[in-house]
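Reader: Could you walk me through this one slowly, starting with how you judge a helix?

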Amino acid sequence: MSSAPFTYEPVGATRDDLTFCPPGFRPMLVRTRLGEGHAVFRRAAEAVLTWEMHRTLGVGIDATADRAAPGVDVTVTLAGVVKAPCRVIWTAEEPRRAGWAYGTLEGHPECGEEAFVVDRTGDGTVWLTVSAFSKPAKWYAKAGGPATRGFQHAYARRCGTVLKRLCEDQPQP
């Protein structure tokens with residue numbers, strides 16, 4: 001674990017409210033229905049917590065641990081070129097909720113926090129929620145303007161598509 005400081009405040013704000021967005025940041029919230037039942041929930045939770053969802057997306061993941069945990073440093077590499085250093089802030093492994101959030105470190109193209117949470121509702125439906133608050137940190141993220149936001153939303157939607165595919169072999173109730 002490095003001691004590099006986070007590049008934003010308030011660190012950990014997504015833990016209790018996935019819709020939180022501080023002044024000066026842009027919010028993002030993308031939900032994808034994955035299926036139904038405990039088996040789908042467990043499979044999705046494991047894929048999110050072990051970086052499998054991200055690796056299946058085709059992004060590079062260099063993490064200081066095999067599983068998300070507070071304090072784990074992660075560098076996400078996009079297209080083999082853009083490196084995005086971050087650190088896991090919080091994790092959840094509960095009977096109906098599992099996931100984690102990272103906060104950005106120096107060198108990340110954005111400044112902010114992003115969470116990946118799988119939850120199973122009262123009727124058994126399993127959802128992936130990708131939420132974030134961010135603002136550009138690097139010149140190319142600033143220059144990208146609306147295209148950068150579009151990429152973030154497309155990435156979040158792709159997370160849902162990939163995770164849903166990973167869960168398709170699980171029995172439904």
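Author: Helices (H or I, at least four residues) and strands (E, at least two) are DSSP runs, numbered from the N terminus, and the expected span of a helix is 1.5 Å times one less than its number of residues. This is a predicted model, in which local features need pLDDT of at least 70 and side-chain atom pairs count only at pLDDT 80 or more, while totals for chains, interfaces and linings use all residues. Residues are numbered from 1 along each chain as its sequence is written, and side-chain values use heavy atoms, with hydrogens and water left out.

Reader: OK, what span should helix H4 have, and how far apart are its end C-alpha atoms?

Author: Helix H4 covers residues 146-167, and its 22 residues should span 32 Å, which agrees with end C-alpha atoms that are 32 Å apart.

Reader: And which residues of H4 are buried?

Author: Among them are Tyr-155, Cys-159 and Leu-163, where buried means under 20% relative accessible area, found with a 1.4 Å probe on protein chains only. Cys-159 has 0% relative accessibility.

Reader: Switching topic, how many disulfides are there?

Author: The search of the whole structure gives 0 disulfides, a disulfide being a pair of cysteine sulfur atoms within 2.5 Å. For Cys-111, the nearest cysteine sulfur is that of Cys-21, 11 Å away.

Reader: Is Cys-111 buried or exposed?

Author: Cys-111 is buried, since its relative accessible area is 8%.

Notes:
Buried < 20%, exposed > 50% of the residue type's maximum accessible area, 1.4 Å probe, protein only.
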